[in-house]
Amino acid sequence: MPGSGLKVLFMGENLKRILEGLWVTVSISLLAVVLSIILGIFLGMIMTVKNPFVKVVTKIYLEFIRIMPQLVLLFLVYFGLTKSAGINLTGETSAVIVFTLWGTAEMGDLVRSALISIPPHQYESGKALGLDGMQIYRYIVVPQTLRRLIPLAINLTTRMIKTTSLIVLIGVVEVLKVAQQIIEANRYTVPDSALWIYGAVFFLYFIVCWPISLLAKRLEKIWGN
């Protein structure tokens, strides 16, 4: 009957299970983001080093991560690494590793771009004022880099949250997996439950990602110039 699909969402602990699945998605994303920011800052600084060998190695890493689909990386780490190296990784751990690798590459490139965007004359001005290398970084380079970097890093966070939906394919019980389980359990009794369950998942993703996107846009307007 009309509306019966919506009732499935509130039957038993279905809504609670979906929210718990959302927390799995968000927690994996946030952990990967934190690690990506830390490692990406170091990678970005390394990528500005004028050393041919360092440039080649970082370029290969960056291009490999960008070209390789995240789903393939998930399969390589979760299925390939466990079989070939005998390492027992959970789906959650594999997801954090893969998204950290991806996020580090993306963040590293953002940091590199932010660093090289600072005009050379600002370094020279710092030296003219009697600042040493560390002081130039602390008082001139870092503040300007953060202004350019923070909005882009927030956008990357949104992308990572949305892309973590792929982890359902390696068996992680996150929000999409829970939704599938609920739909399968009610497939014959409530055929239209998929519309309402997936609709609820859509709105949950929207509720999580929309404020982050608004924050990024606002920071871009404030710090864009």
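Ile136 is found in helix 7, helices being DSSP runs of H or I with at least four residues, and strands runs of E with at least two, numbered from the N terminus. In this predicted model, local features need pLDDT of at least 70 and side-chain atom pairs count only at pLDDT 80 or more, while totals for chains, interfaces and linings use all residues. Residues are numbered from 1 along each chain as its sequence is written, and side-chain values use heavy atoms, with hydrogens and water left out.

With a relative accessibility of 4%, Ile136 counts as buried, a term that means under 20% relative accessible area, whereas exposed means over 50% and partly exposed in between, for a 1.4 Å probe and protein chains only. Once neighbours within four places in sequence are left aside, Ile136 is in contact (heavy atoms within 4.5 Å) with Tyr123, Gly126, Lys127, Leu131 and Val141. Ser125 lies 11 residues from Ile136 in sequence, and their C-alpha atoms are 9.2 Å apart in space.

Between its end C-alpha atoms helix 7 spans only 39 Å, while a straight helix of 31 residues would span 45 Å at 1.5 Å a residue, the expected span being 1.5 Å times one less than the number of residues.

Thr158 also has its place in helix 7, which covers residues 133-163. Thr158 is buried, its relative accessible area being 5%, and, apart from neighbours within four places in sequence, Thr158 is in contact with Cys209, Ile212 and Ser213.

Helix 2, formed by the 34 residues 14-47, reaches 47 Å from its first C-alpha to its last, which is close to the 50 Å expected at 1.5 Å a residue.

Arg17 has its place in helix 2 and counts as partly exposed, at 29% relative accessibility. Not counting residues up to four places away in sequence, Arg17 touches Val178, Gln181 and Ile182. The C-alpha atoms of Arg17 and Val178 are separated by 6.7 Å, although these residues are 161 residues apart along the chain.

Helix 3 consists of the 16 residues 52-67 and reaches 22 Å from its first C-alpha to its last, close to the 22 Å expected at 1.5 Å a residue. Its buried residues are Thr58, Leu62 and Ile65. Seen down the axis of helix 3, these buried residues fall within an arc of 70°, so they line one face of the helix; the arc is that of the directions from the helix axis to the C-beta atoms.

On the face of helix 3 turned away from its buried side are the exposed residues Pro52, Phe53, Ile60 and Ile67. The N-terminal end of helix 3 is capped by Asn51, a side-chain oxygen of which lies 2.9 Å from the backbone nitrogen of Phe53.

## The chain as a whole

The chain has 9 helices and 0 strands. Its radius of gyration, taken over C-alpha atoms, is 22 Å, well over the 17 Å that the globule rule (2.2 Å times the number of residues to the power 0.38) gives for 225 residues, so the chain is more spread out than a compact globule. Along the principal axes, its C-alpha atoms fill a box of roughly 75 × 45 × 25 Å.

Of the 225 residues, 40% count as buried. Among contacts in the chain with a separation of 6 or more, 75% are accounted for by residues 24 or more positions apart.

Definitions and conventions: Polar contact = N/O pair within 3.5 Å; in protein donor to acceptor, adjacent residues only side chain to side chain.
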